[in-house]
Amino acid sequence: MSALLESPFFGVTITIVAYWIGVKIQQKTKLAICNYMLIAVVLLVAVLVVFDIPYESYYVGGNLINLFLGPATACMAVSVYAKLELLKKNWLPVLVGCTVGVATSLISIFVMCRLFGLDREMTASLLPKSVTTPIATAISQDHGGLVAITVAAVTATGILGNLIAPMLVRLFRIKDPLAVGLGIGACSHAVGTAKAMEMGETEGAMSGLAIGLCGILTTVAALGFELFL
Amino acid sequence: MKILLQIGVVFGVYWGSQCIEAVLPFPFPASVISLLVLLGLLLLGVVKVDHIREKSDFLLGNLGFFFVPAGVGIINYANVIWENAAAFVTICVVSTVLTYGATAWAVHLTCRLMEKKGEREK
């Protein structure tokens with residue numbers, strides 16, 4: 001039996017089933033907290049624990065899925081390219097906004113990690129948590145973080161951003177769709193962008209643009225991590 | 001054959017980026033290099049969006065799916081998260097609020113400054 005569990009087809013199949021259930025539940029409930037990724041992960045963890053299946057067996061198939069993360073990041077170039085006109089027209093506010101956002105995110109996380117006395121591994125895992133998962137995990141791995149913790153923090157941040165985006169808009173009293181969209185994309189990547197798209201076309205496009213740009217800027221800033229970690 | 005070629009283009013760009021990553025003297029993830037390379041190829045017109053449309057729609061449309069196995073890895077670190085639960089939650093909430101506020105205000109102020117400058121030039 002254990003040999004069958006170690007077949008890559010096992011891991012890939014149960015991941016697709018769990019993901020499909022997650023997407024269905026989200027479509028039915030339309031609640032941000034019922035995030036399909038979160039549901040899929042919870043279901044799979046439950047299956048592994050209940051049936052006492054080692055993570056390593058699951059990962060034989062899981063690793064095949066992981067393989068696509070890199071090429072998926074490459075394809076984000078297509079969405080940035082599609083918004084090129086918008087970027088050309090507003091390049092200065094976009095660049096200033098994303099730079100300030102990335103700096104705020106990194107500095108605030110770093111200061112809080114120190115305040116909580118977290119070790120190097122946890123700090124490296126949490127630092128890139130405001131950017132999109134494929135970029136955040138790559139940065140975390142490069143600097144000695146734990147990829148699983150980074151995925152958890154990125155997902156939690158995205159769901160949070162999606163839930164509180166309308167409150168944030170009121171709290172900071174800015175209605176300009178350009179500012180709102182970039183703000184949401186900078187703080188809560190793709191999951192937040194889903195909410196920005198509901199708010200309006202400009203908000204959604206700007207939020208999507210911020211995902212790619214903040215990811216690139218964070219990677220560049222990450223080169224300086226070694227000085228602080 | 002069309003889809004196969006599209007996979008070839010995207011995987012080829014990614015492999016090329018892994019080669020670049022290997023020779024760079026500092027840590028810079030291949031995934032971000034491949035984003036920049038593909039964007040460059042699109043801007044130069046070497047690759048057209050039509051060359052990779054279906055493949056990129058498939059990858060981006062199901063982006064969440066590809067993170068699931070990495071997320072399940074949390075099973076190995078449940079105790080680490082549990083021990084640091086207060087820090088984890090605080091950091092997620094505070095940095096999200098601050099990042100939104102700082103970005104939105106920075107964009108707002110930049111736009112205001114540009115408007116003022118525009119008025120003066122008139």
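1. The model is predicted: local features need pLDDT of at least 70, side-chain atom pairs count only at pLDDT 80 or more, and totals for chains, interfaces and linings use all residues. Residues are numbered from 1 along each chain as its sequence is written, and chains are lettered from A and ligands numbered from 1 in the order in which they are written.

2. Chain B has 6 helices and 0 strands, where helices (H or I, at least four residues) and strands (E, at least two) are DSSP runs numbered from the N terminus. Its pattern along the sequence is α-α-α-α-α-α.

3. Domain 1 (1-71) and domain 2 (77-122) make up the division of chain B; such bounds come from an automatic or database domain assignment. The centres of the two domains of chain B, taken over C-alpha atoms, are 29 Å apart.

4. The C-alpha trace of chain B spans about 60 × 55 × 35 Å along its principal axes. Of the 122 residues of chain B, 38% are buried (20 or more other C-beta atoms within 10 Å of the residue's own, with C-beta atoms placed from the backbone).

5. In chain B, 63 residues are in contact with 85 residues of chain A; contact requires C-beta atoms, placed from the backbone, within 7 Å. Helix 6 of chain B gives the most to this side of chain B, with 24 residues.

Terms used. A residue is buried if 20 or more other C-beta atoms lie within 10 Å of its own, exposed if 12 or fewer, and partly exposed in between; C-beta atoms are placed from the backbone. Two residues are in contact if their C-beta atoms, placed from the backbone, lie within 7 Å.
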